[in-house]
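The sequence and the model are shown first, and the description follows.

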Amino acid sequence: MMETKNTELATTLGTRSLKRDILAEGLQYLTFNLAGEEYGIDILKVQEIRGWMPVTKVPNAPVFVRGVMNLRGAIVPVIDLRLRFGLEAVEYTKITVVIVVTVQSDSGSRIIGMVVDGVSDVLNVNATDIKPSPDFGTAVHTEFISGLVTIEAGMVMLLDVDRLLSIDEMFALEAVRTTESRGVAMLAA
Amino acid sequence: MAIDIGQFVQTFFEESLEGLDIMEAGLLALPPGAVDMEQINTIFRAVHSIKGGSGTFGFQDLTAFAHVMETLLDRMRQGQMDVTSEAVNTLLESVDCLREMLVAARAGAAVDNDRVEHLRERLHLLLNQVNVAVSEHTASPSPVSPTTTPPTGWRINFQPHSDLMHNGNDPVRLFRELSTLGELTVRCDPRQLPHLAKLKPEDCYLSWELELQGTVSHEELVEVFAWVEDDCDLRIEALAKEPTASNPVVARTPGEEGQQGELLLERRKSEDRRQSDRRGPAPADTASIRVGIDKVDAVINLVGELVTTQSMLSVLGVDFDMSRLDKLHEALDQLDRNTRDLQEHVMRIRMMPVSSVFSRFPRMVHDISGKLGKQVELRINGEQTELDKTVIEKIGDPLVHLVRNSLDHGLEPPAERLEQGKPETGAIMLNAYHKSGSIFIEVGDDGRGLNRDALLRKGLDAGLLKPGEDYSDEQIHDLIFHPGLSTAAQISDVSGRGVGMDVVRRNIQDLGGSIQIGSQRGQGTQITICLPLTLAILDGQLVSIGQDCYIIPLLSIVESVQLRAGSVNRVAGRGEVLRFRGQHLPILRLYQMFGAEGAVTDLEKGLLVVVEADGRQVGLFVDDLQGQQQVSIKSMEKNFRRVPGVSGATILGDGRVGLILDISGLIRVNNAVT
Amino acid sequence: MAKILVADDSASMRQMVEFTLKEAGHQVVVAEDGQAALNLARGMTADLVITDVNMPNMDGITLIRELRALPAFKFTPILTLTTESTTEKKMEGKDAGATGWIVKPFNPEKLLMTVNKVLG
């Protein structure tokens with residue numbers, strides 16, 4: 001079932017630029033599920049969606065960096081979004097997917113994979129329907145949320161992936177959080 | 001037919017920059033006062049080519065500047081001017097200036113006109129100094145009265161000398177050309193023809209009386225006959241209505257040459273205008289490599305072999321059965337061989353001789369030693385050794401640093417050298433060579449060497465060394481690479497080494513290389529840089545640590561040993577060490593450093609891989625050895641970040657990512673900890 | 001179509017001359033100095049030789065003398081590429097046996113014009 005969904009999505013992704021034109025000021029978000037909540041990311045950031053495959057561990061990286069994978073010859077880090085948000089880790093299953101996104105940083109663009117529980121849909125949104133993010137009440141730091149959209153089934157939180165997946169920020173954060181990791185201390189010396 | 005000469009401009013820039021390097025090297029090798037004709041000729045030729053090319057490709061500023069340099073060099077070549085050090089230095093500066101002009105022209109940027117003007121004046125000054133007697137050959141205005149009204153035609157009396165045809169000229173060609181200008185009547189005078197028996201078929205005996213009708217300028221006629229003016233007697237008369245205008249002219253006078261020159265110039269102007277419309281902005285500067293045709297041919301050959309193997313395999317695959325398994329193996333072996341060969345040869349395309357880096361040093365040593373009042377002989381060896389283009393581009397700065405250090409601090413002033421019984425002239429040695437799959441570059445001098453005692457003291461003061469311990473020379477010399485120690489204020493007075501050696505080491509390490517220093521007090525210092533042959537590929541040993549697989553560069557592996565019980569000691573402050581071949585070998589438990597799960601923790605059950613970098617050895621404790629394979633190096637930083645202890649990543653045979661260990665990084669970490 | 005031997009040590013000039021002549025339908029053989037040109041000439045004939053004057057190994061003047069000593073090149077038109085507009089310099093080539101000269105800088109049109117003049 002997931003596979004058909006992925007195929008649909010692939011088709012959608014393939015024609016996204018066209019759709020974008022048709023919709024004019026309308027925006028498209030890829031929505032996915034994480035610990036029972038719905039999140040959305042700008043579909044123009046999405047490169048591809050892949051099933052979970054074992055990755056190569058990177059020593060002394062923060063816990064949410066699962067490792068690096070081979071994406072057609074490029075070395076791409078894979079981030080577990082649950083762990084990034086400080087949520088409880090779960091076993092990866094058949095429907096666990098990696099969304100490969102392009103992230104802008106000061107040092108240029110990076111390609112990063114993020115593990116989510118499963119993708120849901122592509123959402124067409126009018127810019128006027130996006131509400132500002134609340135100050136409380138979500139599992140996610142509000143700094144990563146660029147807005148909220150209400151749909152029939154509930155609410156979708158729109159994520160700022162450039163911010164969320166900033167490698168520099170992730171490591172700065174981690175350095176504060178973990179001081180007990182001996183390896184890091186040794187290697188950083 | 002319109003031909004866009006813009007396509008050759010890039011070649012012009014490249015060859016001109018090379019020409020400037022040749023000039024610079026030649027000028028530096030030119031001993032003042034000496035008359036080395038061959039050398040001066042070489043230098044002259046280089047600037048001459050630049051002048052010619054820049055004119056053709058429309059860089060008039062360059063032409064003008066090169067022209068003055070050329071004139072000066074021509075005087076030297078003709079022995080009309082002495083080779084003074086002042087002249088050489090001015091020419092060297094002019095080389096720099098011309099180079100800047102070239103680079104600016106290539107980028108379509110502006111140049112510092114004041115500087116150009118200033119140098120041009122200095123060149124002129126040199127020219128005028130010596131040569132008041134030799135007049136500039138700029139033609140003085142013509143005293144010959146120009147023909148005011150164009151005549152209706154010309155009568156030409158053309159009497160070729162007997163040898164006119166000996167240099168490939170042909171009267172018929174001249175007539176043909178004249179006939180394109182107007183209506184031509186030709187009358188032949190055969191009276192000089194000898195008897196057939198005496199006739200030499202290669203000689204010319206005929207002469208002609210020609211009449212050309214039409215409004216043709218005198219200059220045009222002169223141009224037609226320009227090539228043969230010395231091989232004939234020529235009389236050109238205007239066919240004028242009024243008899244007074246009859247104006248016999250002997251072939252050529254200086255005045256006419258001036259006029260002809262102007263004419264050419266004007267024509268060129270209009271052509272230039274046409275071309276500049278077409279040429280548009282300067283072409284973008286795309287990086288390119290000049291590759292020898294032999295290298296390209298070798299690759300083409302190998303591709304040919306690869307194609308053969310491929311077709312062999314596809315034939316095998318059509319209806320394969322197990323009886324042909326041997327054939328398949330054979331073909332696969334061949335494919336393996338082809339791939340390796342091809343890879344090696346493609347890599348070679350990126351290889352450039354290190355001479356492109358070394359070539360800057362003669363000039364630098366010349367300039368700096370002059371300033372410092374030191375006498376220095378630079379000895380360069382192995383400049384044809386080839387390195388990867390990227391390495392070539394990045395090795396320059398570290399080498400400059402090392403050579404400068406040798407000049408500034410290593411070599412003593414002449415008086416001090418004499419006092420020590422050394423020759424007055426110091427030596428700096430630059431050497432490059434291949435050895436066992438790596439490239440070595442050595443920078444040495446016969447100067448004062450490192451001061452071990454002073455370094456030791458500094459090391460103790462800075463808390464980098466412990467009092468009472470026994471340190472080897474290498475350990476002490478190594479201190480100059482320590483960021484805290486290798487600052488000028490702290491060390492140049494004691495060690496004779498300058499700033500930034502830590503930066504040099506880091507640059508070398510970024511290239512996957514290592515650096516070592518050897519020194520003898522009073523005898524000199526030698527720095528040895530070891531670099532990988534290529535940045536793209538390395539021979540790797542795969543090792544397993546728990547569930548993970550890492551790659552150790554094969555070149556850094558000394559050997560692998562199985563540990564026996566009790567062979568490892570814990571030394572306070574130094575961690576675990578193994579008594580190994582007469583030394584204490586520190587042991588790094590990689591699973592601990594990397595936080596690997598499920599790894600072998602019992603030293604006797606795993607393996608110790610002894611590795612070496614920067615002249616130091618450590619034992620890396622791993623679970624087991626896997627296979628060896630060539631791996632292509634991928635960047636971790638592009639999408640992620642630098643990982644301590646890891647120099648890069650690669651894609652393994654099964655498609656997974658393998659991390660490549662950074663041996664010098666690991667050794668440094670070990671030193672920092674212990 | 002004519003067969004033309006070109007000698008010039010400057011790659012850009014060589015390329016330009018070669019390209020221009022080939023575009024005009026000629027067959028072109030190039031050499032990067034006088035010695036190379038002479039070596040080539042020993043094994044071929046040509047309808048025209050175009051040579052630079054200042055070249056390493058063997059300069060254009062020597063090349064012309066050597067060519068004129070070869071039976072196959074005794075009467076072959078030889079043009080020098082020269083930056084010198086002074087009579088003296090041009091004459092050096094002429095004395096060695098050159099047919100004429102092309103003054104640098106020149107453009108493809110001028111080159112072809114001169115070449116056609118010689119080839120007829």
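## The open sheet of chain A

What is the strand order of the open sheet of five strands in chain A? In this predicted model, the order is β8-β1-β2-β10-β9, and the pairing is mixed. Strands β8 (118-126) and β9 (145-151) of chain A take the edge positions. Each has a single partner strand, so one side of each is left without a neighbour in the sheet. From one strand to the next, the twist averages 30°.

Strands of a sheet pair through backbone hydrogen bonds, and the pairing may be parallel or antiparallel. Strand β2 (residues 37-42) and strand β10 (residues 154-159) of chain A run parallel and are joined by three bridges. Within this part of the sheet, Glu38(A) has Val156(A) in β10(A) as its bridge partner.

## Chain A as a whole

Chain A contains six helices and 10 strands. It has 189 residues, of which 31% are buried. Of the contacts in chain A with a separation of 6 or more, 56% are between residues 24 or more positions apart.

## The contact between chains A and B

Where chains A and B meet, 23 residues of chain A are in contact with 24 residues of chain B. On the side of chain A that touches chain B, at least two residues come from each of β4 (65-71), β5 (74-80), β7 (108-116), α5 (167-177) and α6 (182-188). The residues on this side of chain A comprise 16 nonpolar, five polar and two charged.

His48(B) lies in helix α2 (residues 37-56) of chain B. An unreviewed UniProt entry places the feature "modified residue: Phosphohistidine" at His48(B). Is His48(B) buried or exposed? It counts as buried because it has 27 C-beta neighbours inside 10 Å, where 20 or more are required. Leaving aside residues up to four places away in sequence, His48(B) touches Glu70(B) in its own chain, and Asn54(C) and Thr83(C) in chain C.

Gly396(B) is located in helix α13 (residues 389-410) of chain B. With 14 C-beta neighbours inside 10 Å, Gly396(B) counts as partly exposed.

## Chain C

How many helices and strands does chain C have? The secondary structure of chain C consists of five helices and five strands. Along the sequence, these elements follow the pattern β-α-β-α-β-α-β-α-β-α. Chain C has 120 residues, and 53% of them count as buried. Among the contacts in chain C between residues at least 6 apart in sequence, 58% join residues at least 24 apart.

Helix α3 (residues 60-69) of chain C has buried residues at Gly60(C), Ile61(C), Leu63(C), Ile64(C) and Leu67(C). Why do the buried residues of α3(C) line one face of the helix? Viewed down the axis of α3(C), they fall within an arc of 160°, and therefore they line one face.

Note on methods:
Residues are numbered from 1 along each chain as its sequence is written. Chains are lettered from A and ligands numbered from 1 in the order in which they are written. This is a predicted model: local features need pLDDT of at least 70, side-chain atom pairs count only at pLDDT 80 or more; totals for chains, interfaces and linings use all residues. Two residues are in contact if their C-beta atoms, placed from the backbone, lie within 7 Å. Helices (H or I, at least four residues) and strands (E, at least two) are DSSP runs, numbered from the N terminus. Ala, Val, Leu, Ile, Met, Phe, Trp, Tyr, Cys and Pro count as nonpolar, Asp, Glu, Lys and Arg as charged, and the others, Gly among them, as polar. UniProt positions are given in the numbering used here, feature names are shortened, and annotations may be inferred rather than shown by experiment. A residue is buried if 20 or more other C-beta atoms lie within 10 Å of its own, exposed if 12 or fewer, and partly exposed in between; C-beta atoms are placed from the backbone. Two strands pair if DSSP finds at least two bridges between them. Axes are lines fitted to C-alpha atoms, for helices over the stretch in contact, and angles run from 0 to 180 degrees between N-to-C directions. The arc is that of the directions from the helix axis to the C-beta atoms.
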